[in-house]
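The following exercises concern one protein model. Please work through each task before reading its solution.

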Amino acid sequence: MAKTLNVNDRLEPVTREVTVDKMVEFEKVVWDRGRNSHSDINVAKADGISTTIASGQNQMAFLHEMLEKNFGDAWVYGGKISVRYIHPVYPGDRLTAHGFVTEVNEVDGKPRVTLQVWCENQDGRKTSAGTV
């Protein structure tokens with residue numbers, strides 16, 4: 001986008017509520033794997049989990065939305081991301097995707113921005129973390 005970014009600048013975050021209905025729909029749209037611990041409480045319980053958990057892909061969608069909102073086509077057509085999922089996300093959680101600039105360089109005459117990114121829940125606990 002047109003805004004010049006500097007080291008330690010923060011991106012505009014994105015916050016979304018995670019609901020069972022959204023988790024089930026997300027599983028169908030992204031990759032319909034049938035009934036699983038992300039979309040069916042009975043499968044989750046059979047897997048030893050007390051409730052369904054959001055898939056990592058669900059968190060990635062929040063990060064993608066934040067990056068597209070901040071960088072537009074530069075992210076969509078030129079971005080790279082590496083993320084680890086470090087804490088489960090449950091129905092009712094409110095996730096916020098965050099990012100801050102760690103490095104700004106020029107590559108082939110174009111700005112190249114490196115970021116630390118993460119999602120955190122309503123309690124401030126990180127649920128995923130990575131580098132863009």
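Two exercises follow, each with a worked solution.

The model is predicted: local features need pLDDT of at least 70, side-chain atom pairs count only at pLDDT 80 or more, and totals for chains, interfaces and linings use all residues. Residues are numbered from 1 along each chain as its sequence is written, and side-chain values use heavy atoms, leaving out hydrogens and water.

**Exercise 1.** Describe the secondary structure and burial of the protein chain.

Solution. Step one: DSSP runs, numbered from the N terminus, define helices (H or I, at least four residues) and strands (E, at least two). The protein chain has 4 helices and 5 strands, in the order β-α-α-α-α-β-β-β-β from the N terminus.
Step two: buried means under 20% relative accessible area, exposed over 50%, and partly exposed in between (1.4 Å probe, protein chains only). Of the 132 residues, 36% count as buried.

**Exercise 2.** Characterise the aromatic pair and the surroundings of Trp118.

Solution. Step one: rings of Phe, Tyr and Trp (its six-membered ring) pair if their centres lie within 6.5 Å; planes under 30 degrees apart are stacked, over 60 edge-to-face, and the rest tilted. The structure holds 1 aromatic pair. Phe100 and Trp118 form this edge-to-face pair, at 6.0 Å centre to centre and 70 degrees between the planes.
Step two: Phe100 lies in strand S3 (residues 94-107) and Trp118 in strand S4 (residues 110-120), so the pair ties together parts 18 residues apart in sequence.
Step three: Phe100, at 23% relative accessibility, is partly exposed, whereas Trp118, at 9%, is buried.
Step four: Lys126 lies over the face of Trp118, 4.9 Å from the ring centre (the criterion being NZ of Lys or CZ of Arg within 6 Å of the ring centre and within 35 degrees of the ring normal).
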